[in-house]
Amino acid sequence: MTILAIYVAIFIGGFFAVKYITASTQPKDYTSLKTVTFGDESAVRPNRAASIISIVTIFLLWGSFTGSSLIPSFLHAPAAYTGLGEFNYTVDANGQTDDATVTVNVHETDGEAAVPEVEPGDGFAKNDSISIAKYRSKLLRVDANDEQGRDEGAKIVAVNGKAIEPGGEVIVDFARIAMTPKGTLNIVPKTGWQMQPLYLPPPEKVASRLVEISSTGFRNSTLWEHLGYSLFRVIVGFLIGAAVGIPLGYAMGLSNWFRGWFDPVVEFMRPVPPLALIPLVIIWAGIGEVGKIVLLFLAALWIMAIAARSGVSGVNITKVHAAYSLGASKWQIMRHVIIPNSLPEIFTGARVAMGVCWGTVVAAELVAAEKGAGMMIMVASKFQNTDIVLMGIILIGVIGFSIDVLMRWAERLLVPWKGRS
Amino acid sequence: MSGLTIENISMRFDLPNGGSVQALKDVTLDLKPGELMSVLGPSGCGKTTLLNIVAGFLAPTEGRIAMNGHTVHGPDAERGMVFQQGALFEWMSVRENVAFGPRMKGEREAQYGANVDHLLDVVGLQDFKEKAIYELSGGMQQRVALARCLANDPDVILMDEPLGALDALTREKMQSLVLKLWKETGKTIILITHSVEEALLLGERLLVMAPRPGRIHKEYRLPFADLGVDQDLREVKKHPDYNKTREEILAMIWDMEEEIMGRTEESA
Ligand SMILES: Nc1ncnc2c1ncn2[C@@H]1O[C@H](COP(=O)(O)OP(=O)(O)OP(=O)(O)O)[C@@H](O)[C@H]1O
Ligand SMILES: [Mg+2]
């Protein structure tokens with residue numbers, strides 16, 4: 001909740017700050033002269049300052065709530081308590097009261113767990129000490145070493161001077177001290193606002209994992225092998241899918257028989273998510289490369305077939321008529337009119353298919369694989385290596401995004417007329 | 001027998017609901033080589049249908065089209081077509097569009113190059129020949145369409161409202177261009193238009209069609225097209241017969257439109 005509130009606050013604050021700063025430096029281009037901008041989609045251009053602030057905010061929040069060493073410590077959210085802490089308790093033994101001190105060493109998860117040495121002190125209640133790992137809690141029978149323990153009818157009545165009873169609790173400066181119904185103290189050191197590294201490691205840990213794994217590898221394969229295998233499967237599966245799907249789509253767009261024959265198959269397969277095919281493909285082809293490629297082939301096939309079909313159906317009949325009356329043969333119309341006219345649709349389909357394939361390959365690798373990005377994060381998650389999981393997710397995102405950027409670039413280069421007729 | 005013969009063409013469209021539309025009934029026409037005929041008529045009287053039949057895109061339910069004595073069975077390079085819009089190939093440059101016909105015949109650049117460049121000159125697009133189609137204005141696109149049709153050297157040019165989407169000024173320039181090209185090349189041309197003025201100015205022959213069923217209502221022979229070849233079109237409009245014919249045809253078409261409205265009102 002707090003994180004969301006901070007996020008929203010930065011969103012709003014950033015908006016006003018940027019607005020205030022850039023108010024005087026607005027470029028006087030065409031769009032800035034438009035008076036109607038609300039509702040004019042073409043006048044909405046992404047504010048680059050917002051994009052930058054947005055990304056910085058995400059990293060800032062991530063760093064702040066994981067105590068990252070990359071950002072100054074005054075930006076850190078309150079950390080979990082570590083170090084020595086003390087509180088005292090008061091025992092009432094049949095009308096007699098006495099105090100004793102408990103010294104707690106809250107140590108780093110992988111740090112030294114030494115129990116502090118303490119003097120027993122005077123009175124019948126004796127001082128105690130205990131060592132607790134960060135984010136953990138421990139039960140402590142503080143009366144165990146007292147001369148008048150609870151077996152003798154003594155009761156702990158206060159912690160740091162505040163009354164306590166079974167089921168109740170007292171907050172001290174470094175911890176919450178709760179009392180169980182039987183009278184044992186449960187010491188819960190403050191966990192602060194930061195996330196445990198198990199749930200969310202700080203950015204630099206993810207980065208150093210990336211460096212480490214890219215140099216030493218993971219599970220007998222280098223990082224590039226894992227990513228390369230995933231990419232290789234996607235590209236091969238997609239290419240075979242396109243090589244079969246595009247001609248199939250053309251045939252469906254040009255011939256009654258093909259359309260009739262394949263329509264039921266394509267229309268049935270289209271809504272089946274490729275992920276649902278994973279079990280079947282594993283049964284048929286195992287978990288090796290063949291199975292993965294068959295799966296991706298199937299994922300790409302229907303998308304490409306449908307794209308090619310609608311590319312053909314979308315050809316303006318006057319273009320075909322014009323070509324015929326200019327003396328073109330059927331084959332020439334195919335080559336010079338129908339194919340180029342369908343390219344924009346095919347590119348759109350290819351972009352979708354690549355996205356679906358990339359998602360499918362990761363999912364398939366999560367289920368079963370010996371190499372691959374999905375396998376890497378799945379295995380890492382079994383060993384609770386959250387940093388590797390995060391690194392994998394980020395790399396998967398970056399690669400997926402790069403594929404899309406590459407496809408869009410190719411599209412601009414190869415079908416510049418898209419959407420302009 | 002040379003030229004274009006349209007013999008007793010009838011066309012009935014069967015509708016999915018079981019009914020049918022008689023789009024054309026018993027249309028007969030003869031066009032000699034080099035004649036320019038404009039076709040006028042209220043919307044829905046079958047002008048496009050007639051042109052599609054002549055082009056060979058549709059087979060008539062009755063009758064026959066003959067070109068230089070042989071019966072027409074489908075589209076052919078001897079009958080070129082200029083569409084209202086959307087018929088250019090966006091994936092080709094202006095010049096590639098114009099050279100499309102010769103290239104489909106297997107000609108090489110050396111064979112068609114000079115003619116294509118000449119035609120680009122004639123339509124005033126020499127400077128735009130490497131541009132993409134979507135970078136041109138509507139009027140420029142129609143000039144490309146015209147040049148593309150001429151580059152293929154058809155005997156007959158069929159135009160379905162080729163200037164319908166243009167503004168008045170561009171339209172006037174294009175009208176002069178059509179007349180000039182007609183005289184220079186001696187092509188047989190059928191031009192469908194919704195503009196009575198355009199039909200008068202461009203049509204050596206002017207055909208007025210009537211609807212339901214689509215048929216020939218009246219035919220005129222006019223002097224204005226010949227005058228317009230070397231005179232300014234605005235001068236031609238001052239010709240004493242021009243206004244008279246214009247009023248006559250307008251009245252005729254208004255009558256037809258009213259009749260259609262009356263009929264639909266009755267049936268409604
Ligand atoms: N494919 C078709 N199926 C059914 N009816 C059709 C078809 N094509 C045309 N028609 C009908 O034939 C008649 C003539 O149509 P056509 O397009 O030839 O008219 P038009 O004279 O070109 O009209 P406009 O001036 O509006 O272009 C119309 O009533 C139309 O509804
Ligand atoms: Mg029409």
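Modeller: Let us start with a term: a salt bridge is a side-chain nitrogen of Lys or Arg within 4 Å of a carboxyl oxygen of Asp or Glu. This is a predicted model, in which local features need pLDDT of at least 70 and side-chain atom pairs count only at pLDDT 80 or more, while totals for chains, interfaces and linings use all residues. Residues are numbered from 1 along each chain, chains are lettered from A in the order in which they are written, and side-chain values use heavy atoms, without hydrogens and water.

Colleague: Why is the meeting of E90(B) and K319(A) called a salt bridge?

Modeller: Their side chains lie 3.3 Å apart, N to O, and the limit is 4 Å, so the pair meets the rule. Across the interface of chain B and chain A, the rule finds 1 salt bridge.

Colleague: What makes up the contact between chain B and chain A?

Modeller: With contact taken as heavy atoms within 4.5 Å, 24 residues come from chain B and 20 residues from chain A.

Colleague: How do you know what area is buried between chain B and chain A?

Modeller: Buried area is the accessible area (1.4 Å probe) that two parts lose on being put together, summed over both, and here the value is about 1900 Å², of which carbon and sulfur atoms give 68%. W91(B), M104(B) and Y134(B) supply 37% of the area that chain B buries against chain A, more than any other three residues.
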